[in-house]
Amino acid sequence: MRRVVHTIILTLIVIGSGSRFAHADSVGKTTNWTANPPRIVQGVAAQIILSAPTAVCGTTAGQLVDTFLDNPTVKPAVMAQAGFSVTVGTITHSGNCELTVSLTPGANAMTGPMRLTLTAANAAAAGASQDIGYATIAVVSSQASAIPDGLAPQVDVDYIVLPYQTAYDNYGRRVADQYYVVIPKIGNNTGFSLQLAAIGFAGTPTGNTEPSIVQGTLIYGQDYSARNVIYRTLVWAALIGAGVTPYFHSANPRANFATGVALFAGPVLAGFSQQFPDNTVKQLARLGASDVMNNQNVIPNNTQLSFVAFVGRDTVCPPGNTSNTTDLCGSSKHFKSTFYDPTAVKNKLGAITIVGNLLPSFLPRIKVTASTSGTPPSTGVASAPAIEGVASIISLQSSGLTGASLTSPPDGITSTNVITDTSFQISVLLTSKPASPLTVTLTRKDGSAVTFPITVTQPVAVLTPAAGAKMIPAAGTTGVTITWRNGGPDLTSVVPTMVATDGVFTVTGPSTPTTISGTITPKKAGTLTLTMPIKVNGVLISDIAAPTVIAQ
């Protein structure tokens with residue numbers, strides 16, 4: 001009978017344990033942890049904070065218990081994706097459902113997004129581990145130039161369509177009749193120089209025309225423009241006149257005719273050239289300028305340049321198509337010309353796409369598509385996480401932030417009034433940890449909103465016995481120190497206390513902002529808990545977990 005009772009009790013314990021920890025398996029491989037910072041550089045070691053989503057962190061069914069990450073027997077592990085030559089170093093439990101891992105990429109590590117697989121203790125199978133999710137981090141080249149802190153590598157692109165008359169004035173009538181002259185404006189913030197290969201448009205099957213083809217059009221126009229046809233006709237007439245002069249038999253008529261031909265061939269033709277100059281040479285010079293787009297154009301990192309590109313009008317206005325509209329194609333009837341509308345042409349061409357190579361590493365070819373509307377992004381990034389109870393300065397990174405302002409900022413968030421077009425600096429001092437990443441919203445000068453998710457970490461107080469012991473004796477007095485694991489509020493004025501039935505804590509020396517030294521005299525064996533009344537700007541922070549120590 002006694003054996004049956006013991007068996008029933010043991011079975012109930014196992015069932016209870018299984019119901020408590022079965023949720024760990026449900027977290028599994030699909031849980032996407034957040035990596036902060038989100039990228040590492042070839043050959044440069046870095047400390048990365050990995051945070052589990054708030055929704056999967058807790059003690060209810062289907063959630064991850066934080067103690068799994070601090071198991072002394074089966075410690076958490078982080079494995080880097082094979083082939084990237086990235087070494088995983090020290091892994092520490094740095095906060096609630098949070099790990100800090102040291103990553104060292106090799107000098108020639110493969111670049112691109114890399115997957116980190118995380119495992120931790122499996123309480124349902126003693127001594128075993130299980131997958132608890134993954135994180136993605138970018139490995140970037142050490143040859144990349146600096147980009148604004150916290151801003152993802154990107155290329156900004158927009159364009160304008162020149163009016164017909166402007167294209168005519170710069171490149172001649174034949175080019176203006178056959179091509180739209182487009183001015184792409186490209187900003188490079190990839191960390192590398194960007195070599196352009198081509199541009200394309202969503203509204204037409206072809207992109208820009210090679211400058212050599214446009215040059216051929218311009219040279220052909222020189223031969224058959226109305227001005228040059230008339231000029232060559234006048235020269236031809238002068239040559240014929242000079243040729244028939246000998247057929248005059250009388251001296252006076254021949255002399256008069258010869259004088260008239262000389263006047264025509266000299267001053268008249270010279271005056272015609274002065275009055276109606278041939279601009280082809282000047283137009284060819286403009287076509288050969290460095291700002292005309294070809295496959296050799298290079299945009300250095302952190303710069304923006306404008307180029308001239310030519311797009312064939314026949315791709316938008318097919319010859320003989322009766323549905324061609326005047327606002328897109330223009331018209332010329334009875335010596336009366338109607339020019340196309342540049343705005344209508346831009347709307348027809350649609351979004352612009354550029355294709356190019358990153359230099360000098362020659363990474364895979366990139367394509368960047370930008371909306372013609374020029375709408376600024378609605379989300380941005382924060383330069384660093386915030387720590388509860390610790391005052392810090394964080395830079396919010398996006399674009400078009402000049403003149404922006406905070407919109408209904410959460411408690412503890414204020415502007416430092418240090419604002420540029422790509423950065424908005426805020427002061428952060430939080431007295432509690434939000435249930436999800438803290439969202440800060442800015443309103444731009446044009447009225448558009450941009451949001452910034454900020455990861456908030458909670459300080460973890462660590463109580464350490466003297467000489468690095470894990471436990472303290474249940475009898476006598478033992479010296480201990482209290483510190484923050486990865487930063488926390490100022491400890492200078494904090495005086496820890498204990499429940500009278502647990503024991504007595506005594507401060508033995510002056511505290512520092514990061515350390516409290518004292519002694520514990522236990523009154524019982526088991527887990528002893530210290531209470532730390534922490535105030536920041538007069539506000540009591542009550543959600544930081546109290547440090548504990550085991551007495552035996």
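**Hairpin, sheets and packed helices**

User: In the hairpin of S5 and S6, which residue takes a positive phi?

Analyst: Cys97 does, with a phi near 55°, and the hairpin has 2 residues between its strands. Strands (E, at least two residues) and helices (H or I, at least four) are DSSP runs, numbered from the N terminus. This is a predicted model, in which local features need pLDDT of at least 70 and side-chain atom pairs count only at pLDDT 80 or more, while totals for chains, interfaces and linings use all residues. Residues are numbered from 1 along each chain as its sequence is written, and side-chain values use heavy atoms, with hydrogens and water left out.

User: In which sense do S5 and S6 pair, and over how many bridges?

Analyst: Strand S5 (residues 86–95) and strand S6 (residues 98–105) pair in the antiparallel sense over 7 bridges. Two strands pair if DSSP finds at least two bridges between them.

User: Where is Ser85 placed?

Analyst: Ser85 is in the loop between strand S4 (77–80) and S5. Ser85 has a positive phi of about 60° although it is not a glycine.

User: Is Ser85 buried or exposed?

Analyst: Ser85 is exposed, with a relative accessible area of 52%. Buried means under 20% relative accessible area, exposed means over 50%, and partly exposed lies in between (1.4 Å probe, protein chains only).

User: What about Ser408, what is its phi?

Analyst: Ser408 has a positive phi of about 45° and is not a glycine. Ser408 is found in the loop between strand S22 (405–407) and strand S23 (413–419), and counts as exposed at 68% relative accessibility.

User: Changing topic: which peptide bond is cis?

Analyst: The peptide bond from Asn36 to Pro37 is cis, with omega near 0°. Pro37 lies in the loop between strand S1 (32–36) and strand S2 (39–41).

User: Now the helices. At what angle do H5 and H6 pack?

Analyst: Helix H5 (residues 226–244) and helix H6 (residues 251–275) pack at an angle of about 165°, with their axes 9 Å apart. Therefore H5 is roughly antiparallel to H6. Axes are lines fitted to C-alpha atoms, for helices over the stretch in contact, and angles run from 0 to 180 degrees between N-to-C directions. Angles under 35 degrees count as roughly parallel, over 145 as roughly antiparallel, 65 to 115 as roughly perpendicular and the rest as oblique.

User: Which residues make the contact?

Analyst: Among them are Ile230, Leu234 and Val235 of H5 and Phe257, Phe264 and Leu269 of H6. By class, the contact of H5 with H6 has 14 nonpolar, 2 polar and 1 charged residues. Ala, Val, Leu, Ile, Met, Phe, Trp, Tyr, Cys and Pro count as nonpolar, Asp, Glu, Lys and Arg as charged, and the others, Gly among them, as polar.

User: How do the axes of H4 and H7 cross?

Analyst: The axes of helix H4 (residues 211–224) and helix H7 (residues 280–287) come within 10 Å and cross at roughly 175°. H4 is therefore roughly antiparallel to H7. The residues in this contact divide into 6 nonpolar, 4 polar and no charged.

User: Back to strands: what order has the open sheet of 4 strands with mixed pairing?

Analyst: The order is S29-S37-S34-S31. Strand S29 (471–472) and strand S31 (497–498) stand at the edges with a single partner strand each, so one side of each is left without a neighbour in the sheet. S31 pairs with strand S34 (residues 526–531) in the antiparallel sense over 2 bridges, and Met498 stands opposite Leu530 in S34.

User: And which order has the open sheet with antiparallel pairing?

Analyst: That open sheet of 4 strands has the order S28-S30-S33-S32. Its edge strands are S28 (461–465) and S32 (503–507), each pairing on one side only.

User: Finally, how many helices and strands are there in the protein?

Analyst: There are 9 helices and 37 strands.

Notes
Contact means heavy atoms within 4.5 Å.
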